[in-house]
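This report describes the fold of a single chain and then the surroundings of one of its residues. The sequence and structure are shown first.

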Amino acid sequence: QVQLVESGGGLVQAGGSLRLSCAASGHTLSWNRMGWFRQAPGKEREFVSAIIWTLGTTYYADSVKGRFTISRDNAKNTVYLQMNNLKPEDTAVYYCAGHEAWGAVRATTAYKYWGQGTQVTVSS
């Protein structure tokens, strides 16, 4: 049984920073890719960032490029999302996701495992 657990969300003023963590537990997986998605109330879940586990190749949504940085710790089987210069429009529940196989890294439907999410609220 694979579990992904997000942490690091909270309240922050516009312009502030947060670092989200996603720790994998249970059976050790060989990740092809892990990523972050977010969902605001009444809106579709959208791609934020992803990383190819073995190569370190990174992908970002245009809306967060230059502000967010994704990284991973192989030994801890953990992925991080450093979020800088946060804006009110970044407010959402942020979800960690992963898959052992190749897929469309930006597609919500292309991930197999999901965490429960962590709330990020950015005040103006």
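A residue is called buried at under 20% relative accessible area, exposed at over 50%, and partly exposed in between (1.4 Å probe, protein chains only). By this criterion, buried residues make up 44% of the 124 residues in the chain. The model is predicted: local features need pLDDT of at least 70 and side-chain atom pairs pLDDT 80 or more, whereas totals for chains, interfaces and linings use all residues. Numbering starts from 1 along each chain as its sequence is written, and side-chain values use heavy atoms, without hydrogens and water.

The chain contains 0 helices and 11 strands, where helices (H or I, at least four residues) and strands (E, at least two) are DSSP runs numbered from the N terminus. Of the contacts (heavy atoms within 4.5 Å) with a separation of 6 or more, 58% join residues 24 or more positions apart.

R67 lies in the loop between β6 (58-60) and β7 (68-73). Is this residue buried or exposed? R67 is buried, with a relative accessible area of 9%. Leaving aside neighbours within four places in sequence, R67 is in contact with Q82, M83, N84, N85, L86, K87 and D90. A polar atom of the R67 side chain lies 3.0 Å from the backbone oxygen of N85.

Key
A polar contact is a pair of N or O atoms within 3.5 Å; within protein, one must be able to donate a hydrogen and the other to accept it, and residues adjacent in sequence count only if both atoms are side-chain atoms.
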